[in-house]
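Welcome! Open your viewer, get your selection tool ready, and let us walk through a few stops together.

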Amino acid sequence: MSARNLLLALLLGAPAAVCAQGSYPAPGALIVLDQEGGSNLRGALYAIEPVSGYRRVLSDFGNPSQGPTATAPAGLARVSAGLWGGNDRWIATDTRGGTDQRGALYEIDLSNGTRTTLTDFGDASRGPLGQQPDAVLYVPPVLLGPLSGFFVLDRRAGTDGRAALFKLESNGRRSVFADFGDGRGARAAQAVAFAWRPGALGLGGKMLVTDLTTGSNGKGALLTVDPINKQRSVLSDFGDAQQGWTDPRSGSSGPNSVIAGNDGSVYVLLSRAGSDGRGALVKVDAASGYRNLVSDLGADAQGPLGSAPVAIRWSKDQQVIYVVDAKAGADARGLLLQVDPLTGARRTVSDFGLSGYGPLGQSPRAIDTN
């Protein structure tokens, strides 16, 4: 990080901390989940000012006074209040929380950091048991939309442990929405992340799921799930050169995060891809699955380098894409980057290893925008 940027962070960070006392997190603030932050490395939730990069701890997952303590928090999602007003809700998964360490889903009050359990994946009375619930998503209700509500991707559930999507009711009851090991089309191997891509008025929408190793040469694939018949298909095979950019390195790389824009665009983050295996961001055509490289996180010419990128998310206005890297930055404590989706240019938003940005991080894992 340059001295100029660090000075800017220090200058802007202090005022941000003062303002935070009254109205934090402000609209547009970035909410980042650190899997190993907080007390006893049990996780923490940060609010980050997108201009200065200043961080503030919203919830310490190791602090029992704020609710259930976590073991391995992983997924994060915002539940928008929508047209009816009220406060947005925030939910996070814990892959080893709950009964028998089968996972848990928490709701977090950002105003005071308190946590409550929405569902315990080890409680059989609430539905099928979980194994490793990871990514979480809220699909808002829309006109003529085929689905809405809470969805959780469990990496080890389903037939042969090939992953499953759970749908959660408001009372915490669970049902299996999609089993990636059954016979309804393409089977998963290491499904890790998902997003909802709506169609016009909600019709024709598909669930998009990244799989690290399915596809040619084990380079991963982007799968789609039809919300009506639950049929699965491969939209983009990341080892198939006929579908566009493929990672030229012989080492293992794979898609590990996906986002869909309001304009129908689809972007996928790949770990261990690009120059020196530092990661890559690609754009995928939603109809053909054709890929174009947007940002090579190992290329100096495009900005700060990545190391172990794990998650992407749109800014609130969907003008830029944020990338969470678990091990880049000072002392390998993590880095939050901003990427221009047109040029691939990157800038540092917050370095979790520099105290000038606020409390230090350990291993940031997930992000969403307030």
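**Stop one: salt bridges**

Select glutamate 169 and lysine 167: they form a salt bridge, with the closest N and O atoms 4.0 Å apart. A salt bridge here is a side-chain nitrogen of Lys or Arg within 4 Å of a carboxyl oxygen of Asp or Glu. Lysine 167 counts as buried at 18% relative accessibility, while glutamate 169 is partly exposed at 39% (buried is under 20% relative accessible area, exposed over 50%, partly exposed in between, with a 1.4 Å probe and protein chains only).

A note before moving on: this is a predicted model, where local features need pLDDT of at least 70 and side-chain atom pairs count only at pLDDT 80 or more, while totals for chains, interfaces and linings use all residues. Residues are numbered from 1 along each chain as its sequence is written, and side-chain values use heavy atoms, leaving out hydrogens and water.

Next, pick arginine 155 and aspartate 134, whose salt bridge has its closest N and O atoms 2.9 Å apart. Aspartate 134 is buried, at 4% relative accessibility.

**Stop two: the nonpolar core**

Now show Leu153, Phe180 and Val209, which are among the residues with the most contacts inside the largest nonpolar core, a group of 20 residues. Such a core is a set of buried Ala, Val, Leu, Ile, Met, Phe, Trp, Tyr and Cys residues joined through side-chain atoms within 4.5 Å. Centre on valine 209: leaving aside neighbours within four places in sequence, its contacts (heavy atoms within 4.5 Å) include Phe180, Phe194 and Leu223.
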